[in-house]
Amino acid sequence: MTTREFGDVRLRKVREHVWEIPREDGMNVPARVFASESLLEEIGEDDTLTQLRNATHLPGMTKYALCMPDGHQGYGFPVGGVGAIDAEEGCISPGAIGYDINCGVRMVKTNLEYDDVRGREEELVDALFDRIPSGLGGGGIVKGDSDTVEAILERGVEWAVDAGYGVESDLEHCEDEGRRPDARPEFVPQKAKDRGRNQIGSLGSGNHFLEVQRVTDVFREGVADAYGLEPGQIVVLIHCGSRGLGHQTCTDYLRRIEKRHGDLLEELPDKELAAAPAGSELAHEYYGAMCAAINYAWVNRQLITHRTRTVFGELFDADPIDDLGMELLYDVAHNIAKRETHVVDGEDRDLYVHRKGATRAFPAGREEVPAVYRDVGQPVIIPGSMGTGSYVLRGGENSLDVSFGSTAHGAGRLMSRTQAKRDFWGGDVQDDLEEQDRIYVKAQSGATIAEEAPGVYKDVDEVVGVSDALGIGDTVARTFPVCNIKG
């Protein structure tokens with residue numbers, strides 16, 4: 001039996017790409033890591049494995065605590081972590097969801113080809129950067145009053161479509177049709193609503209971006225046809241979340257849970273895993289507030305989509321939908337917990353599936369998959385760095401058994417932002433991308449570009465390869481950057 005040790009964490013190899021931390025004292029279940037040998041080495045360089053082992057102590061954790069191949073250290077619970085927790089006898093943990101609630105990604109298709117934008121990259125990146133708010137602080141496409149914020153929290157993308165910021169097909173191609181019905185705006189802290197009022201329709205900063213891409217490869221032609229993808233096609237990837245509203249919601253509930261449920265906190269190896277027992281008042285309130293923040297994030301990406309369509313329409317003197325075919329392929333959420341039913345040991349179990357920096361990846365036939373994709377499986381979008389390819393996958397047939405219907409959400413960081421700014425100079429990164437690969441990048445500061453340099457991230461090809469090999473997310477198509485805007 002192959003074993004590996006990283007500090008005081010010991011893993012045994014179960015099979016190819018599957019490593020297990022055996023159950024020991026205090027652990028409710030074992031933990032599993034999905035990784036190649038080289039990815040495991042990278043995952044073992046920080047506290048990811050310790051955090052994963054700690055997560056198994058959460059009450060109600062079912063079967064395994066999981067780490068996807070893009071995993072890295074987070075707040076309490078690793079980014080790339082998945083935990084399915086009994087919804088009746090377990091708990092819900094804000095730290096196992098994340099501060100940026102529903103930090104997700106969507107892909108917008110076009111009928112443009114790469115030759116249509118070649119030579120106009122600078123014009124396109126300048127126009128997008130000028131028209132789409134980005135960076136720290138306030139400023140959005142819509143400045144909402146209290147009633148607007150409440151409607152967004154309650155209705156999600158339905159509100160945006162009714163307000164003229166989308167089309168009906170956007171609802172059909174968004175996870176949960178862009179609305180969490182369990183949303184309870186009254187449980188969102190007022191300070192969070194105040195922060196969100198001036199940020200509706202904005203990228204924010206950090207690893208959030210809008211990237212114009214070209215499809216370079218198709219691996220499963222039948223699925224790609226169902227998704228409407230073909231080589232040479234131009235698509236747009238939008239990655240952002242719930243901005244200050246989600247961050248404030250997480251912060252406030254963490255503090256409240258720490259005070260109210262200190263007895264549970266004392267039983268956990270890390271206070272950052274603070275959790276509210278299932279059925280408790282705080283679990284009920286946090287879940288409703290989190291679902292409302294999920295709706296806010298979907299509207300945020302929807303408004304950016306609307307503005308992107310406007311920019312393309314003006315630049316190419318054409319109707320974005322009728323002429324340019326700028327339809328939504330899909331929008332997937334990260335950093336959420338969902339109440340889902342899964343088969344565990346032959347029985348249906350009602351679970352809070354926490355996906356922190358992980359993507360839902362349901363296979364064909366699951367009723368939650370939009371009708372248009374139900375025969376082929378849910379689209380999964382995995383961004384790489386701004387100097388590498390990104391991928392479109394579909395939920396694999398093994399995902400429900402292996403990973404509670406989940407897979408990776410990106411390449412995963414190798415390096416902290418502080419270290420990145422020491423090792424890279426933003427202007428050099430920008431120049432290299434343009435000279436070597438004709439990738440045009442524009443950001444609010446050179447520091448942002450340095451923090452997101454290609455060398456900061458794991459090899460997305462290897463991350464996706466593990467997902468495909470395990471059958472939890474099957475590769476469908478690969479894309480490559482044309483231009484990118486960041487905060």
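**Exercise 1. Aromatic pairs**

Ring pairs link Tyr227, Tyr330 and Tyr373 into a cluster. The model is a predicted one, in which local features need pLDDT of at least 70 and side-chain atom pairs count only at pLDDT 80 or more, while totals for chains, interfaces and linings use all residues. Residues are numbered from 1 along each chain as its sequence is written, and side-chain values use heavy atoms, with hydrogens and water left out.

Task: state how many aromatic pairs there are, and describe the pair of Phe219 and Tyr391.

Solution. Begin with the rule: rings of Phe, Tyr and Trp (its six-membered ring) pair if their centres lie within 6.5 Å, and planes under 30 degrees apart count as stacked, over 60 as edge-to-face and the rest as tilted. By this rule the count comes to eight aromatic pairs. Phe219 and Tyr391 form a stacked pair, with 6.3 Å from centre to centre and 20° between the planes. This pair links distant parts of the chain, as Phe219 is in the loop between β9 (209–218) and α9 (221–227) and Tyr391 is in strand β17 (residues 390–395), 172 residues apart; helices (H or I, at least four residues) and strands (E, at least two) are DSSP runs, numbered from the N terminus. For the surroundings, buried means under 20% relative accessible area, exposed over 50%, and partly exposed in between (1.4 Å probe, protein chains only). Phe219 is partly exposed at 41%, whereas Tyr391 is buried at 8%.

**Exercise 2. Salt bridges**

Task: find the partners of Arg32 and Arg438, and place each pair in the chain.

Solution. A salt bridge is a side-chain nitrogen of Lys or Arg within 4 Å of a carboxyl oxygen of Asp or Glu, and the structure holds 43 of these salt bridges. Arg32 pairs with Glu20, the closest N and O atoms being 2.7 Å apart. Arg32 lies in strand β4 and Glu20 in strand β3, so this pair ties together parts that are twelve residues apart in sequence. Arg32 is buried at 12% relative accessibility, and Glu20 is buried at 6%.

Turning to Arg438, its side chain meets that of Glu121 in a salt bridge (3.1 Å, N to O). The pair links distant parts of the chain, with Glu121 in helix α4 (residues 121–131) and Arg438 in the loop between α15 and β19 (440–443), 317 residues apart. Glu121 is buried at 2% relative accessibility, whereas Arg438 is partly exposed at 33%. Elsewhere, salt bridges that share partners join Glu175, Asp176, Arg180, Asp182, Lys338 and Arg360 into one network.

**Exercise 3. Helix α15**

Task: say what helix α15 gives to the negative patch, and describe the setting of Asp432.

Solution. Helix α15 (residues 426–437) gives the most to the negative patch, with five residues. Asp432 has its place in helix α15 and is partly exposed, with a relative accessible area of 37%.
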